[in-house]
Each structure stands twice: as C-alpha cells, then as structure tokens.
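Subject: Structure handover

Hi,

Here is the structure for you to look over. My notes follow below it.

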Amino acid sequence: MAAHVPQTAVRPLMPALLAALLLWIGLAVPALAADRRVIPLSNLRDGQPEVTLHGETETVALRAILPPVAGLTSVVLALTYENGIDILPEKGSMAVYINGSPVADLPLAAFRGPVNAAITLPASLIRPGENQIVFQTNAQHRAICSVRGTYDLWARVNLAASSLTLVSDGGVPDPDLAMMRHLLAASDRAREPLAIIEVGSEADADHLGWGAMVAQSYGLLLGDQTPRVVAVPVPAKGAAPVPALESLPLPGGKNVLIGTRDRLAPLLGEARAAAITGPFLGVYPIPPGGKAGAAGGGFVAIASGRTPQEVDQAVMRLADVSRPLPTQTAMIVADAAPPAAPPPRPVQAEGRYRLSDLGFPTVQHSGYRYAGRFTLTLPTGFAPVGDRAILFHVDGAFEGNLGPGAVLNVRVNGRPAGAMEIDKRSSGIIENGEMPLPMALFRPGPNSIDVEAELPPGGGTDCVFAVRRPTFTLLDSSSIEIPGFARLVTLPDLGTLGNTSYPYGGVAGDEPAPPFDLVVVGRDPAWTGAAWSMVAKLAQRAGDLMTVVPYTGWDLPPSDNALIVGPVAALPQSVFTAAPLPGDRLAGLLEAGALIAQASARGEPMPAADRRALAERLRLGWSGAGARAPLRTGLASPPPLAGAPGSAADGGAQSRWQRMAGDVKETAGAGGGWVPEWARRGMAAAARYINRWTVDEAPADVVALTENADSLPEAALLQYRAPGNEALTWTLLTASDARSVERAMRSLGDAGLWDKLHGGGALWTSASTAVTTLEPNRPYQLILEPFDIGNLILILARNLSQRIELLFALLLGTTLVLTISMRLLLKRGHQERSGS
Amino acid sequence: MKPTPDTDTVVRAPSIKAARPKAKPDTRRRRFSLRSVLLWLLLLLSAGLFLALAALPVGRVASAAISVGVVAAAFVLGRFARRIWHARTLTVLLLAFVTFRYFFWRLTGTLPPVDDPVNFIPGVTLFAAEAISFVLFLTSLFVIIDPIAREPSEPKGDPASWPSVDVFIPSYNEEPELLETTLAAAVCIDYPRDKLHVYLLDDGGTDQKLAHADPDLAAAAKVRRETLTALCERLQVTYMTRPRNEHAKAGNINHAFKKTDGDLVLILDADHVPTVGILKATVGFFQQDSGLFLVQTPHFFVNPDPVEYNLGTFERMPSENEMFYYSIQPGLDRWNGSFFCGSAALLRRAALEEVGGFSGDTVTEDCETALELHSRGWRSVYLPRPLIAGLQPETFDSFIAQRSRWTQGMIQLFLLKNPLFKRGLSVPQRLCYLSTMLYWFFWFWRPIFLLSPLCYALFGLEIYRINLPDFACFVIPHVFAAAFLSQFLHGRMRWPLFSELYEYLQSFHVSRAALATLIRPRDPVFKVTAKGQSVEEDGFSPLATPFILVTLLLMVGLAACAWRYSIYPEHRAAILPVAVWNSLSLLLALGGLAVVYERKRVRRQERFTVDRSAELTFADGTSIDVTAADVSAGGVRLLVDPRWRELLGRQEEPVLTIAATEAEAATTTGVRIYRVDMRNGVLSVGTGFAPRDRQDIVEAARFVFGNSVGWDDFLDRKRVGAPTFFGGLLFFATRVVPRLGHVLLALPGALRRILTFQAP
C-alpha cells in the first residue's frame, strides 16, 4: 500500500512511466473528462509555507479537508523537501503517514538542495472530509553524537511546492446543502475567501448581522485556519442592470447570498425566487469556467425568506454547525430553533490532570535530545496569584550511559519554565519528580508546554562507539497539578481576545460572553468584509457562535462591548476619546504606513530616504509645527473626524437584533439570576476601585511608533475601555483606506499574525510580518464569578501580591484596631480582677 | 473586685448560700451598653479582617516579605512591650499572624491528595497533630494576652477576727525526716497560734495498712504510725489517719476535712516546706472577696529534675514549671481560671463544703475540684510568689510516673468533665481549661512531629507536600516567628528547645497511660510520686529504650536523606526540607538521650547561698565567730578562720547562733560537725542540724524557710541570664554535646540489652 518512491528511484523509471501515462491518457480521453484537483500543502495551515522538523525525531501533522469527488482514480502526494548536511544518510529518514497509515519512508539525503518525491497513494486511503498527513523524521548526526549535534539535524518540507493531487473521473459533483459545508472547509479552496454577496450598494444592519452569523459558522468549519470573508456588492434593482446569478463576478467558489426574497429576486430569477416560500436555504453550483468556477465545485448558497424574520431563521439554520444540513439543494427551514450551544470546550481548571487526559501518550525516545509538546487549555479569566506555580509531576525513565548535564527542560509558551537535573547518579526512574512551572507564564486559552530532555552520553561524542544511545521515556501517568487561581480578566488584552475571544465570545466563569455591538463605519465593502473576517476568527477561537447586534454607521456610542471597524479618517472623534492613540495621529501614521505598503505591494518599494522623510513629516506635524499636511497628493484629504459618515441606522432591523440579543442575555443570565442587580453593580464598583490600586496607567508613545520608518503600520487593532463608568470594551479595527484593510486582514491570517496579538493594541503592515504592540494604557479588570467568595479572596490575593506595601499597611492597621478594641474591652475586667 | 461589706471581719460565710459570689448588679447592663456593643463589633470586624489577611493566598514572595516585615515590626515593638500594653499585644498578634499564615497555607496547599491514601492517611495524621497544637497555640494566646501581676495581700483588722486555718499535710510513704522539715516549717508559719492548726494526714499508717495481710508491711505501717505520732507530738502537730485508704489523696484530705473546722484550708504536699509568711501573703485575698475559693501560689523546687540534673542546667536555667507558674497561671488568673495545683494553695472551707470536699473522680483531684467550683461561680486568685519549697522527682522513671498521672488526670477531666460542655463556666474559663487540658495531649503530636520526616526519608512517602522555596517562604518564617513569640512571652522562663525536649522525654511512656485512659477513662488510680530516689551509677534509665531506638532511626533517616539527595536530583527541592527537619529531630533526640543516660546522683539537701554572721559555742563555753555561707533543710555550711581547726575536731555538738538582722530574728540551734575542709585559705565546715528540743527545730526551720526572698533571688538570677533565641540554641547544644561521648560509649551495651529484650 505504501509507496516508497525516493527521488533517486524515480528517475530511471520516468520515461517508461511517462509513456505509459500518455498511452493511458490517449485511450482514456475519449471516454471521460478527468478532474484533476491540486491541493497545495501550503493551503493546509497559516503562516510560513514550510514545515521544519528538528532534532533526532520530530512529528508534524497537517490537516487536509478534501472535497467530495466522484470516481477518485488517483491520489499523488508530491513533496519537495531538503535536509541538513549533518544527517547521516543511513540513519536518516522521513516517514509519511496518511490517516495513520505509513505511505513513504523518504531518505534524508537531500542536503545538496531540495528534492522532489511523488508518492502515489491508493484512493481508498483518503476520504472526503478531514484527512491527516503526518511527517516524522528520524535522524542521526554524522560525526557529533551528543546533545549539541542534534541541533544540526533538520529537515524541511516546502509546502508551497508540495501538493496533494486528486484525479477523479467525475470531479466534484453538484453540491447539495450537506456537501456545502465540506466545500466551505475544503483545502483546495482554502485560500479563497468566503464571499457574502450584498444586493444593493448601501450596507444595512440586517445584512451585516446575517453576514456576521454566516462568517462565524465559516470560521468554526475551518478549524484553526484563519478565515477570510469578503463582501461582494451587487447593484440593487434600478441602480444598474442586475446580472444573473450565474454571471456574477465572484472572487472564488465559496459564496453566500443573503437577503429577503424581494431583494434577491432580480438576481435569482423568477423560478428560483418562487421557491422561497418561507425561511429558505438553497445551494446552486457555479458552472465551471471563469474565475469562480474554474476548478469546479464552486457554489452560491442562498439564505432567504419572505421577511427579515424568515431570513433570520434561515441564516441561523445555516450557521448552526452543530446540526447537519440535508442532502438536498434547497429546503424550507422548519426547525427554526436557535443554534444549539456546542459542548463546552474542555478546559483545565484547578485540579490534577494526567498527560493521558491531555491527549499525550507515553513516548519513548532513543537519542540525545527528546522534544515533545502538549497543550493545557486554561479557562477565560485565568489570573494566577503572582508567584504560584503549576506543578508538573514527572513520571519517566531513562537508561543508557548518561554524562553530566543531563536535564529535563520544560518551556511554557516558548519561555523557560523549569528544569530537572538528571544524571548518572540517579536511579533511572523518575517517579513523581516535581517541577514547579510559574503560573505567570500561563495564559487563558491554549498553552503550549514543551518538554525537552537533553541526554548527553557518558562516554564522549564519538559516533563510532555510540552504539547504545540513551533512552528516555515520558510516561502518560505524569501529571499537571493546577492550584487555585482567580477568575479575573484584565483588559485591554488582545492576547486574551486572540486566544479566547473574550469579552466578545467564549465562556467566562459560568456564563457565556454577552452579546456585543458590531459597528461598521465605512461605505466600502472592504470594511464589512474585514468585520466579518474578525468575527469569524473570534468565533473560531471562542468555539461557538457569538451574538452580535449589527450597526452600520455611527449615531450613538455603543452601549455594550463593541467591535468597531472603519477607516480611521471617517471614524467620529468619540471613538478615540478613550483610545490609546489620538485619532488624528493614528490617521497620519496609518496613511504613511499605507503608502509604504502600497508601494511594496506594487513591487516598487519606497526608498528608505523617502520612508524616513515620511516619518519625519509625521513627527513634525505632531510636534505642533503646523497643521497635519497631506502626506501625498495621491491620497485624498481625509474627511473631518467628527460626524457619522455611514447611513442612518435601520431602526427596525436594529431593534430586532437587539431583541434577539436580549433573549440571549436573559438565557445566559438565568443561571445567575439569584444575584440582585444592585449587588452586581456594587461589585462592579468595587472592582473599579480595586483597579485603581492595582493597575498603572501608561499612555502610548505615538512618536516612538515612527522610529522604525521601515515598517510604519497600515492597520491597527486597538482595544480599550469605553468612555463612561461601565466597564465596557471597545475593539477598533482601522486602517487608512479599504485596500489597506484588505491587505492587512490577509496578512493577519497568511502571516500568522493573529497569534502574535497581545497588549492593548497591535499595529502592523502587510509589508512585514512584525507586529508592534502597544501596552494597555488604562487597564481595568472584570471579575468573573463575582459572588464566589473563594474567587474574591484569590483576586484580592493576586492584587495585594503586587502591592505588598498596601498589604502590610492593611495588616498593621487591622492589628492596631484589634489591639485597641481588645484593650478597651479588657481594661475594666483587668481592673476588676486585679483589684486595682 | 470590689470588697464586700464584711471584708475585714468575717471570712467564713454564715451559710453556704451566703458565701456564693454575687454578680455585680451593673455588670449585665454594662455588657450590653452601646459602647461595648460597638467595641465588640469593632473587635469582631478587625479580627475577621486579621484572619482574612492571614488566609489570603498571596504568593510566596509576598508572603515571605510580609513575614519579614512583621517580624521586624514585632522586634521594634517588642522593645516597648514591658511598658506599654498595646506594644506587647501588637507584638503578639503580629507574630501570631505569621503562624496563622502558615497554618492556612498548610491547610490549603500541602496536604496529599485524597485519592492517594498511602500518603493521605499519614499526611492527615500529621496535619491533625499540627491542628491540635495550633488550637493549643490559639487558646494559649488567649490565656496569656492580659496577665495579672498580683502582690501579696495581708490579712487586715483585728487578728482575733482573722479566719482560722487548717494546714493539711497529706502523706503516704514519705520518710519521717522529710516530714519533720515540712511539719516544723508549718508550725513556724506566722499566724495567730489559736487560728492555726497543723495536721499530718498519714495514709501510710491507716488501719487498713496496719491490718495488711503481709505481716512485714503491717509491721512497717505500725512503726510508721508510731514514729510519726511521736514526731507530731514533739512538734505539737495533730497526727491524723483513717481506717481505709479510699480515694487516695482526695479521700485522705476529705477525711480530715470532715473532722476539722478551720475557715480556710492550706494544703501542702509532704515535701513542700512552707515559708513562715505563706498565710500573711494570702489570707487577705479571702477577706477581700467572699466569693473566693482559692489562692494558689507557685511550687518552688529546690532540687533539679532529671533533665536539669543530667544536663546540668539547674543552676543556670529556670525550671520547667516556671513557665506555668509565672506566665500561664497569671494569664489564667486574668480570666478567673487559675486552678488548684494540689499544694501550696489556700482554700475556703465553705466552698469545698458546697461540692462535698475535694473531688475524686479523676486522679488530678486538684484541677477537678477547681473546675467544679469555678462552674459554680466561685473565684480563684493566683499569687506569683514562691511560698513553699518542694522536691521534684529525681529519677527519670519517677518523673515519668508523675507526668503519667497528670496526663491521665487531665485526659480524664477532658473526657468526663469537658470544660467546653460544663455548665456554669464562662467562655474564657472554658478556653482556659481547654488550653490546660490540650497541653496534655502533647504525647500525640510530639512523636509525630519528631518522626514524620522519616516517612519520606525512609519510605519516600510524601505526607507533607513541600519544596525548598515554600519551605523558605512559609515554614522558616513560621518557625522563626513562633520561636520569637515564645521567646518574647516566656523567654525568661523557658529557653529554646527545652519545651520540646520535655515533651519528647515524656511522650513515649506517657502515651501508654494516656491511651489506656482514653479507652477506659475511669480506670486510672492515684499513684504517689516517689521523691528522694537516687541513681546509684551512671547509665541508661530503664525507660531509655524508645529514645535509643528513635535516635538510631533518625540517624538512619538523615543518612537516607543524604542518599536520596545524591541519587534523586529531581527530588532535591523536597529532600532538603526533610533533611533539615530530620536534623532538628535528631538534635532533640540526642538531647533526650543525654537525659535518659542518667548521672550518678546521691540524695542530698539542696543548698541556698546566704551570708550571715554567726557564733559557734562549744560545751566549754568557747565561742568563735563564723559566717554562715549556705543553708539547706539539713544543715549549714560555715566559713571559719583556720586557727580554729583543732577546736572543730572535737566530737561534740556545739550551739550555732545566727545573728539577727533587720528583717530576721536570731536563730539558735544545736549542730553536728560533719567535715572540715580548707578552701581558699578558709575552713569550710559542713554541719547538720542537731536540735536540742522543739524550739531548736522550729528555729532551724524558721531560719531555713523563714522567707522566700532568697528563693526569689535564686529565680531572678537565672531569669536575668536568659539568652537570645540563638544563644539558647547554643546553650542547648553545649548542654547536650559534652554528654554524648559518655552516651556513645554506653550505647553498644544498651543496644545489646535491647536486642536481648532487657531494659538498657
């Protein structure tokens, strides 16, 4: 079954194979038209299009979602890889597994340059939907058999040049509703955005809200990959000739059309529109050919209804990924129940967890350096007391002739957390070896724990005599013990947002995050698309659909947590009242960044001197030397900051969305209904005062942001506390123009910038993979489970741990009061007893 | 306490009911005044916050920083503690805070998981031991927070109206010589003759004893009765015995109690020699308060106990009981919780009559009687003046026998008359008695504390989950603060490690008696503590076996720690604290070994230094001037000019006349010269009292036990030399280490005997 086809073996056979292939094609072509679907492996993950495997052994798994194809005849995995020169060829190999079955064992002899390997796989090995491709290297150094030598061992798979090719007789069949979800997540179209088609040039709140729900479900379907959603406007009836559905200029094969029947009818045609007799879901294939349907399998899904309420139902059914859709191309939604909440994601709260509980099996490593990893997912609001530690109880064993310096290192989220000395004096068995890992290194959401054992040989580093290598076993009975921690969220924190979506999504304490306002200010569809991409990513990290209240334009400041998206120059000044950066300066900064990024995107990078001059002009403007001058004549002068550029909000639609959000709030609040509102408010007020003790305000230094003129940002994601007394959070996604935000959103996913978010603000440019982080300027805290006494004690402990002088003063004061009151109470009794 | 209208005339109340203490009419009203309610509210709030801060799980760095800050603040405040009440209390509370923090941390962060019973069960046992000692710590703090320092209260008014006093000296098997001293001192007590009656209550010559089936024992009892009768006649003391030996000491006293009618009763053990001023110092309290049933005074011992003797600390360090008598009893007194200690106490007959005399349900009849009377509203007073001089057990086994009885009695009381549920007691009194009784569970926690490190060292059991940083940040501050607090409160009376040593020495043997009492609380019977025993030669006590074994185990444990440290690098952070703990246990165990390896000890009277001019007159009328250098109950050491050496060699009994001073009258008695030595150019002459008649006996007793100023000086001399905490540790080491050479030499033989199932 496995095809071990190393490059050296393939070459002599190539002419014969080619001839046979040509003959077969020549015979076959008249009979049928073969579908050839190439999935670049770079589609399978965000970030750099390569996988590097280090050390003596390492395993990397990729997740491939394959579209359903009819008559699959051939599957070829083409790999391009290279490896370090220090690997001993006889002892180096890279095994490839598909869905757990070994399919190739490639030699690691590619140190002169990249080599290609094509592995033909039996069609039965893969399946529509999720498949797993695993690379596992085994390597040994040519000359240095020691820990140091293991760092020279590497193998790299070029994902962009590697692919999985599916050849089938029938290609992708016409989609039905059930298949549509597979197609949405399919890896062959992973780089294509989801297009949400908007009929009419004016974006309205309904469309924004419906799109946000669909985008979220798209994010959930994609798993870990960053979703990209775009808005495609189609002129409404009367404005221009409405094209037919089949002839729409769509950016890709994944499209969703949402709206009321009346609004969509011109696009759908009479016959299709007539089928919409209630909450309607349908899917129509895009004919092959053209940009969108080139590869086949493209589709346009329809969510519609006669009234907005029916569209709501259709959209909610479409977005509910917990319920399968039927295998038919259209349906009237009869079960209009709101999306069911998925089972809560397993998180590790206080307690002890074996590694087997965390999905880490017992491993045995033979060599000089072992590296393994497991993940600990901590709940939202995880806020440990300063210097407490999570205990890692190590059960393991090692054997072989170890030299001095043998050590077991543990890193948490990439930072050194603990080490345990292992050397030849030890018994070989590690039983319940306790390693404290500082809790401060952990964060809410997934935490990566890397275990690395360095096992230097006792008898020198000569590989000739290194017959018996040390062996290290890490047993899955090892455990992680988490002590109590406070449930407290300190905001702003884009790290928390990026990991858990809080405060917009996810579960915090015992309650889901409350609905939030999604505000889009900006006429260009790019802003709507950016907003949908954001909510899709947030839903993905939250693991559930979030409830949004959509707003287009800016009439009044949001009254809940808000995600605000819009061009920096068009945002009203009130948006920036509490922001870490002033609006005008941010606008100047982003405009300058956009100029540089745009030049880079054109392939004509701006000269360094021009960049520096640009930054200098910015600084001069901020220093008060004059009014803010336009940076470039080509960029239109920005409109005034004040005022709401968007259309007036659709009052009816918004009230409907608010009502739906209110229902969610009530449902969520039912669990904590015993707590009166005044108590909640009192607790919030107390939290505000605690904030004053424990947080330091640090205004952002805007000028410092211009110091590196090479990477002036073109987009900003800022989080801050909303103006007013309520502890509300605003997160602002902004750029200077629509193209900038498109580029920025693309780089957020492609360059893996999402996982680099932290602090109170992130500024980045598509011209670079770096993110500039702003420290939170006015941190504030939200107490989760505010009526849990234990939690309050832990919060107090956490805060007072940082203010020892306050704790000490409190203690002295308390003791003094206690002493004085005791004295006053005891004095008379003492006198009576002593007779004095 | 306000004096009642009849303070200066009548001590004995006309009826029992009339003698009941009356509650002051305004007390209840005052208790519920607005001010006191507010104060109570403030107290409760601040106490709650204090506890909350202690329980706050701040990180270890913050915790250590707070502990250091607290200790530093306490150190500064402690300087003012003697003058300012608030400074003392603040110091106590701040230091206690560190211990509170430790305890909460211990509770929440160090117990083994429940699903690991091999570690959990011993871990919880250790925690239970700590919890009990923590409760004792709390109640002790309550007891000593506001102590009372009383001065003697002399009787007022016409001596004819003073209350009459019966002096009861119960005896069982004490030698006549010992009794003679006590009786002579008793008859010398400075009190109107017609109001003082001394009774020797002999339980060794009862009719039952005389009729004993064993003719030898019967004959010995008969001889004893005759001897003591003669002694009593000579000293004009009433000899009293009874038909049967029922209810031990309590029964003996009750028998006499029914046959006498003094208003007050002074109880003296047979070996407790009173000063002449004992009644003058105490009777006044009864005149002031008709609701008073007891005035207790300390027991001052003139001989070293086995620990003091074998470690050589008697002359330098305060005795074990001084902490109780000079720190705790004044604290108990504050809460009207001072209790009867069996001797050196004056009691009101009317109160005793109300409860039918001395209680006899337990073997500690003294504390039991006080508990009964406190629960009926009677009050007690403690006077911290040494007014009797007594003897302690001198061998380790008699010491253990005495402590076993006390332990049994306190456990009996705890089980049969638990103060927490006893009706009539005030809350402070309940806490006082609880504190007193809980101490006597030391046999439970002390061996556990001592041996717990072995669980890990020998078996790898993790019963106390700790690592080095936690040890440094929680345990060390706690240990240091607790030691500092102990030093602060009791440092003049109790030096570092000696409390632990006494508990350790008692715990193994006492635990047997304690466990038996727990199983059958009504079984224990009163056993008289043997006094005046001697140790014939150096060697291990017959009770030394557990101490030898424990020491060896701890040595093995320390070696195991070293082995583990070398072979389990991953566990070093846990091994180091265990090794430190094991080392401290071993130090204590070595101290115990140094005690149970007893030094040869011949019985002799303890001497007190004096400096009095005297004259020695021989039969031929020759008189020479001498100086009395020291004195004991048996005789005087004189310093004489060498030219009189020949005169001193005569075989005769000269008359010694000690010159009067401003405070004391002259004393004349016959003496017998035992030895003459030349020391530093002066003749040192050892003499023994050889009284010519009763008058000589009385005068000698008056001279020796005339006043307790010398005793106070003796006590103060040792207290002012109290070391610092670290100095105390060094002192402990200097007492123990020099003894270890002898111990190690004797150890192989002792081990051999242990292995062949003989006493070492």
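In this predicted model, 55 residues of chain B are in contact with 52 residues of chain A (contact: heavy atoms within 4.5 Å). Chains are lettered from A and ligands numbered from 1 in the order written, and residues are numbered from 1 along each chain as its sequence is written. Local features need pLDDT of at least 70, side-chain atom pairs count only at pLDDT 80 or more, and totals for chains, interfaces and linings use all residues; side-chain values use heavy atoms, without hydrogens and water.

The interface first. About 4700 Å² is buried between chain B and chain A, and carbon and sulfur atoms give 66% of that (accessible area, 1.4 Å probe, lost on putting the two parts together, summed over both). The two chains share three salt bridges (side-chain nitrogen of Lys or Arg within 4 Å of a carboxyl oxygen of Asp or Glu). B:Arg465 and A:Glu481 form a salt bridge at 2.3 Å, N to O.

Now chain B itself. It has 26 helices and 18 strands (DSSP runs: H or I, at least four residues, for helices; E, at least two, for strands; numbered from the N terminus). Its C-alpha trace spans about 90 × 70 × 60 Å along the principal axes. Of its 760 residues, 59% are buried (under 20% relative accessible area, 1.4 Å probe, protein chains only). Among contacts in chain B between residues at least 6 apart in sequence, 80% join residues at least 24 apart.

Best wishes

Notes. Buried < 20%, exposed > 50% of the residue type's maximum accessible area, 1.4 Å probe, protein only.
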